[in-house]
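Reader: I would like to go through the aromatic contacts of this model with you. Could we take them one at a time?

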Amino acid sequence: MQRTLVQEVTKGITIENPVFRLLLGLCPSLAVTTSLINGLGMGVAATFVLICSNGMLSLIRGIIPPKIRIPIYIIVIATFVSIMEMMMEVYTPALHKALGIFVPLIAVNCIIFARAEIFAGKNGVGRSMLDGLGAGLGFTLSLAILAGIREILGDGKLLGYPVMGQSYEPILLMILPAGGFFILGFLVAALKLYDLRAEAKKSVLLASNP
Amino acid sequence: MEIKVLFMIIIYSVLIQNFVLSRFLGLCPFFGCSQRISSAIGMGCAITFVMALASAITWIVYTYLLDPATSIVGFFTEGNGAPDLRFLRTISFILVIAVLVQFIEMFLQKKVPSLYRALGIFLPLMATNCAILGVAVLNVEGFTAIGIHTKLTFIQSVTQGVAGGAGFLLILILMAGLREKMELVTIPESMKGVPIACVTGGLMALAFMGFSGLSF
């Protein structure tokens with residue numbers, strides 16, 4: 001069953017969400033999500049690399065010998081990461097500084113490898129780029145959710161504006177490393193609970209009217 | 001002076017700014033390879049070894065090929081000076097690490113096949129482990145926590161590699177021990193697997209925050 005072009009994008013956000021569903025790319029999703037702006041910046045940077053590398057790898061998929069495809073993927077992805085890093089250093093130096101070591105580390109992000117291996121190596125250029133866009137948007141959204149929760153609870157602010165009122169006492173724990181682990185754990189658990197509920201409902205429906 | 005700096009690097013990398021719990025590097029093996037203590041030890045040792053070797057080799061590559069101040073490429077350009085190749089940092093480091101991992105994979109397959117089978121998919125995945133590329137990048141960017149803002153020296157780099165790996169090994173073993181115990185506990189269905197591992201990791205990170213009192 002062939003997916004439509006729109007589904008190619010939306011699947012990366014919903015059923016194949018890289019962070020919450022496939023549990024890929026956890027290092028940056030915990031490390032840079034102390035504020036929403038950092039999370040969004042990371043997401044956009046990774047999306048750029050995803051679209052470019054997926055498109056490029058799909059373009060040359062016919063001439064890559066299958067045995068050495070992983071080193072070739074690594075080089076192509078690292079090249080785009082270097083390009084992105086140089087652009088970032090020039091246009092958004094503050095963000096580049098805030099993300100720090102995690103900008104070059106996009107080169108070893110599992111999401112990008114997973115999309116290259118699962119999708120770009122087998123599909124056309126257009127579809128691969130859309131798949132990259134979808135996975136990138138899913139990653140950005142996940143980071144934004146994590147970062148938003150952590151910034152609101154840990155700092156009482158969102159994008160630097162106070163949103164929780166004067167009397168709010170920030171829970172400092174949430175912007176510390178431990179808070180990242182907790183929030184991620186509870187979000188994944190909540191999604192799993194939702195899945196289990198939906199499954200139980202389905203089986204009840206099936207049992208009542210076969 | 002030198003010894004004191006090395007000691008500080010070790011304390012920071014193992015305890016205060018642990019690679020897994022405080023810098024969030026290498027979370028994939030932390031969650032994926034911590035089911036059994038035996039495989040955790042194997043994985044931790046393999047990563048420590050690769051981190052130490054990668055620190056040494058990437059430092060040499062960066063210093064003598066990429067950095068124009070110390071590069072030996074200048075000898076071959078007939079007095080035009082060495083080109084600034086630092087923009088190739090990410091690509092060259094990742095290639096060096098991929099080759100190293102391939103080498104270790106071949107070595108283990110031949111000499112220690114039991115460990116090779118136990119590590120499975122996580123062995124080739126080490127080439128894309130953030131902790132290894134992370135330590136290589138941190139080595140050339142300096143260790144700001146203890147006030148070194150320039151590139152580390154060779155000895156300091158290797159020390160950071162070994163200490164970072166040791167911290168990783170420590171966390172992996174602790175986590176595997178906790179998870180072996182957790183198999184006997186009743187956990188809500190939705191919290192099983194990764195969620196409970198995340199919460200455990202969070203509690204461990206809280207505990208490790210206590211070590212920040214060691215900073216000097």
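**Aromatic pairs in the predicted model**

Author: In this predicted model, the count of aromatic pairs over all chains comes to seven.

Reader: How is the pair of Phe181(A) and Phe24(B) arranged: stacked, edge-to-face or tilted?

Author: A pair of aromatic rings is described by the distance of the centres and the angle of the planes. For Phe181(A) and Phe24(B) the centres are 5.3 Å apart and the planes make an angle of 50°. Planes under 30 degrees apart would count as stacked and those over 60 as edge-to-face, and the pair of Phe181(A) and Phe24(B) is accordingly tilted.

Reader: Which elements does this pair join?

Author: The pair crosses between chains, with Phe181(A) placed in helix α8 (residues 177–208) of chain A. Its partner in chain B, Phe24(B), lies in the loop between α1 (2–16) and α2 (27–32).

Reader: Is Phe24(B) buried or exposed?

Author: Buried means under 20% relative accessible area. Because the relative accessible area of Phe24(B) is 4%, Phe24(B) is buried.

Reader: What is the angle between the planes of Trp59(B) and Tyr64(B)?

Author: Trp59(B) and Tyr64(B) form an edge-to-face pair, with 6.4 Å from centre to centre. Trp59(B) counts as buried at 11% relative accessibility, whereas Tyr64(B), at 38%, counts as partly exposed. The angle between their planes is 85°.

Reader: Over the face of which ring does Arg23(B) lie?

Author: A charge sits over a ring only if, among other conditions, CZ of Arg is within 6 Å of the ring centre. Arg23(B) lies at 4.7 Å from the ring centre, over the face of Phe19(B).

Definitions and conventions. Residues are numbered from 1 along each chain as its sequence is written. Chains are lettered from A and ligands numbered from 1 in the order in which they are written. This is a predicted model: local features need pLDDT of at least 70, side-chain atom pairs count only at pLDDT 80 or more; totals for chains, interfaces and linings use all residues. Side-chain values use heavy atoms; hydrogens and water are left out. Rings of Phe, Tyr and Trp (its six-membered ring) pair if their centres lie within 6.5 Å; planes under 30 degrees apart count as stacked, over 60 as edge-to-face and the rest as tilted. Helices (H or I, at least four residues) and strands (E, at least two) are DSSP runs, numbered from the N terminus. Buried means under 20% relative accessible area, exposed over 50%, partly exposed in between (1.4 Å probe, protein chains only). A charge sits over a ring if NZ of Lys or CZ of Arg is within 6 Å of the ring centre and within 35 degrees of the ring normal.
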